[in-house]
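Reader: Here is a model I would like to go through with you. Take the labels one at a time and show how each was reached.

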Amino acid sequence: MARVGEELKKSRLEANMSMKQVAKKLGVSESFVNDVELGRRIVNEDLIKRFSKVFNKKIGSMGLGSLEESAQSESFERTKEIIKKEVYVAPKTPVNELWNQAFGENIKNVPIFGYDMKNPLGHQSHVVEKKKIDGYPMDKVVMLKVENDDLKGYRIRKGDLVSGVEAKEIQGTQMMLLSYKGKNLLRKIRNLNNGNVELLTFNETQRSEIVPLKEVTILLKLYKVEIRL
């Protein structure tokens, strides 16, 4: 038992008080008083004054000198153990995963798909703000790797990465991943508002195909392209 704890216990017994009574007067838990008496807790100068008031006596032997001695004798081994735990060890975890662990909900690994949207080809980290990526719900955003030069004239080339979000409707003219005649295609699409849509490609020259809207299934609306140099 540390000197501070011994002095406190002695004063408490001399005052014929229980730990519960002391705790109530100090506004702390009974377990806290017990820990102090056993030397498990180090009390500050303000608390010493409060103890003195409770016991109606000046407890001079519990000044800062005693506290320092108590801290050195009681906490030295514990401090060494804490320091051991804090020693940095170079992690084997991949850097991208470490970033996710560090930033938690602020970073999300967005999957990169081919046009078939089946198995991810990889992932890319994106910043999340208020559960959104680029203003869209974070769970709705995916990325595509462009598979051909069908949209080269629109500055979307094979190998580029495009970001998209789940969509069901066509509003005006948009770049979209769609399913048509059993194939998933990346197209510039325009709603003609007459039951038909215009599918546009632009490799060397721009080409247009008018098809019934009911034969087209919209998968993704594209909103950003990352050009690969």
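Author: The protein chain holds six helices and 11 strands. The model is predicted.

Reader: What share of the 229 residues counts as buried, and what makes a residue buried?

Author: A residue is buried if its relative accessible area is under 20%. Of the 229 residues of the protein chain, 35% count as buried.

Reader: How do you know which residues the contacts in the protein chain join?

Author: Take contacts between residues at least 6 apart in sequence. Of these, 52% join residues at least 24 apart.

Reader: Which hand does the crossing of helix 2 and helix 4 have?

Author: The crossing is right-handed.

Reader: On to the strands. What makes strand 1 mostly covered?

Author: Strand 1 spans residues 107-113, and five of its seven residues are buried.

Reader: How do you know that strand 1 pairs with strand 2?

Author: Pairing needs at least two bridges. Strand 1 and strand 2, residues 122-127, share six bridges, in the antiparallel sense. Pro 111 stands opposite His 123 of strand 2.

Reader: And what links strand 1 to strand 5?

Author: Two bridges do, and these strands run parallel. The requirement is at least two, so the strands count as a pair. Strand 5 takes in residues 141-145. Its Met 143 is opposite Ile 112.

Reader: Why is strand 6 called largely enclosed by the rest of the structure?

Author: Strand 6 runs over residues 161-166, and five of its six residues are buried, so the rest of the structure largely encloses it.

Reader: Which strands pair with strand 6?

Author: Strand 5 is joined to strand 6 by five bridges, running antiparallel. There, Val 141 stands opposite Val 165. Strand 11, residues 216-226, is also antiparallel to strand 6, with six bridges. In that pairing, Glu 166 faces Leu 220 of strand 11.

Methods. Residues numbered from 1 in each chain as written. Predicted model: local features only at pLDDT ≥ 70, side-chain atom pairs only at ≥ 80, totals over all residues. Heavy atoms only, no water. Buried < 20%, exposed > 50% of the residue type's maximum accessible area, 1.4 Å probe, protein only. Helix = DSSP H or I, 4+ residues; strand = E, 2+ residues; numbered from the N terminus. Left-handed = near helix turned anticlockwise from the far one by under 90°. Contact = heavy atoms within 4.5 Å.
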